[in-house]
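Please look through the model shown here, keeping the sequence beside it. The paragraphs that follow move from loops to helices and end at the ligand.

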Amino acid sequence: MRRILVQNNFFLLTPFDLNQTEVLFAPKYKSTIQKDFFKRRFNALSLIAPHLKWVESISENEFDVALAWDAFYEKKTFGNKLDPIQNRLFSSLPFKLQESFTPFRQLAEVHLPLLFNSATPPWDEEIKKELHYYFVDKKLPLTYLNTRNEMLGRDGSTKFSSFLSSGFLDVRYLYNEVKQFESIHGATKSTGWIIFELLWREFFYWHYQKYPRHYFSKNGLKSLDFSVVQTHTPQELQNMNVYPFFHAALNELLSTGFLSNRARQIFASIWINDLQLDWRSGAKLFEENLIDYDVYSNYGNWMYLAGVGVDPRGKRYFNVDKQLENYDPSGAYLKTWK
Ligand SMILES: Cc1cc2nc3c(=O)[nH]c(=O)nc-3n(C[C@H](O)[C@H](O)[C@H](O)COP(=O)(O)OP(=O)(O)OC[C@H]3O[C@@H](n4cnc5c(N)ncnc54)[C@H](O)[C@@H]3O)c2cc1C
């Protein structure tokens, strides 16, 4: 019987034959509400997946596979069943404010009722609270442009990625929230930048539809090369002799499942340029640990930074000392996650 590990990327479960598969379900969550959501979801899924196991923490030898990776290498029809209903953004113009913030979910509920069975209300409440906090209480879109590179704290960036990736916050709804904010407070470069970032997310999604195999190739868009990848356990990575920033970011990733965009970029640059490791093993590490893991954004960004993706400028090298001078001048990030 095959065995797979599922964390927050639960939508991808459907292509697998759940009767024939032992599934270790190890979601990452930040609050008891989220944990409760996953527990309910687990209970619903157990009805159709007899070999589903809830695991609180994962030991190394349980780490057989990460889903997208495994699905690709076993040439499964990964994602195919869900692709049509994941085509959720910018398909119908002009945008209208949605009655529910999860039209994607409404569609998915029709197709996959058990996956959503009685699992959603607490999650909805939490998302509503977060949206209110971001757009109404703190009016954070006003400052996003100046703060988005902050590596510590709640307010620097939106922190909506995990809601988006799990499909519970529809990106069109979020887009409309920004537009609504602009109609009250004015459209600025800062509010526009949030939309720009959402477009990156969508770009990777659509781009992947065109080049699905290249997203897992060592040479990315340049050519197909599926040579074996050497992966690295967190223990091995912790023992590597490299910048303290690398260890701090690894520590944050393993402890929280999150890294700011800036930290992801610097970490990936060290991985690719300083440690000279295969970008695909870095992508796999993120796949296994990010709370907002999204196959398109993750592999798309890694490929981009490795110089084999959509960036015409080639490999991106981040000078770590300079980056820290700019984005961690007081050393607070290193101190927090050392
Ligand atoms: C190596 C690497 C791997 C990444 N892996 C993922 C991943 O698995 N899942 C994921 O959601 N994002 C990924 N990103 C993109 C980005 O880092 C996160 O979306 C962002 O840090 C999440 O925090 P936020 O919601 O506060 O972002 P914000 O800065 O508030 O941005 C708003 C939204 O725009 C989208 N977005 C922002 N930056 C990017 C980007 N570079 N590419 C695509 N979409 C973006 C996200 O949906 C995000 O929630 C990755 C970036 C890098 C450099």
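In which loop is Gln 276 found? Gln 276 sits in the loop between α13 and α14, where helices (H or I, at least four residues) and strands (E, at least two) are DSSP runs, numbered from the N terminus. This is a predicted model, in which local features need pLDDT of at least 70 and side-chain atom pairs count only at pLDDT 80 or more, while totals for chains, interfaces and linings use all residues. Residues are numbered from 1 along each chain as its sequence is written, and side-chain values use heavy atoms, with hydrogens and water left out.

Although Gln 276 is not a glycine, its phi is positive, at about 50°. With a relative accessible area of 64%, Gln 276 is exposed; here buried means under 20% relative accessible area, exposed over 50%, and partly exposed in between, using a 1.4 Å probe and protein chains only. Lys 139, which is not a glycine either, also has a positive phi of about 50°, and its place is the loop between α6 (121-137) and α7 (144-147). The relative accessible area of Lys 139 is 32%, so this residue is partly exposed.

Turning to helix packing, two packed helices are described by the angle between their axes and the distance between the axes. Helix α13 (residues 261-274) packs with helix α16 (residues 320-327) at an angle of about 170°, and their axes are 11 Å apart; the axes are lines fitted to C-alpha atoms, for helices over the stretch in contact, and angles run from 0 to 180 degrees between N-to-C directions. The two helices α13 and α16 are therefore roughly antiparallel to each other, a term used for angles over 145 degrees. On the α13 side the contact is made by Arg 262, Ile 266 and Ile 270, and on the α16 side by Val 320, Gln 323 and Tyr 327, contact meaning heavy atoms within 4.5 Å. By class, this contact of α13 with α16 has four nonpolar, one polar and one charged residues.

Leu 285 counts as buried because its relative accessibility is 3%, and its C-alpha atom is 8.0 Å from that of His 232, 53 residues apart in sequence. Leu 253 belongs to helix α12 (residues 244-256) and is buried, with a relative accessible area of 0%.

Helix α15 (residues 295-305) is largely enclosed by the rest of the structure, because 10 of its 11 residues are buried. Among them are Tyr 296, Tyr 299, Trp 302 and Leu 305. Just after α15, Gly 307 takes a positive phi of about 80°.

Finally, 29 residues surround the ligand, the closest being Tyr 144, Ser 157, Thr 158, Lys 159 and Asn 261, where a residue counts if one of its heavy atoms lies within 4 Å of the molecule. A polar side-chain atom of Asn 261 is 2.7 Å from an oxygen atom of the ligand. A nitrogen atom of the ligand lies 2.8 Å from a polar backbone atom of Asp 292, and a ligand nitrogen atom is 3.1 Å from an N or O atom in the side chain of Glu 197.

Terms used
Angles under 35 degrees count as roughly parallel, over 145 as roughly antiparallel, 65 to 115 as roughly perpendicular and the rest as oblique. Ala, Val, Leu, Ile, Met, Phe, Trp, Tyr, Cys and Pro count as nonpolar, Asp, Glu, Lys and Arg as charged, and the others, Gly among them, as polar. A polar contact is a pair of N or O atoms within 3.5 Å; within protein, one must be able to donate a hydrogen and the other to accept it, and residues adjacent in sequence count only if both atoms are side-chain atoms.
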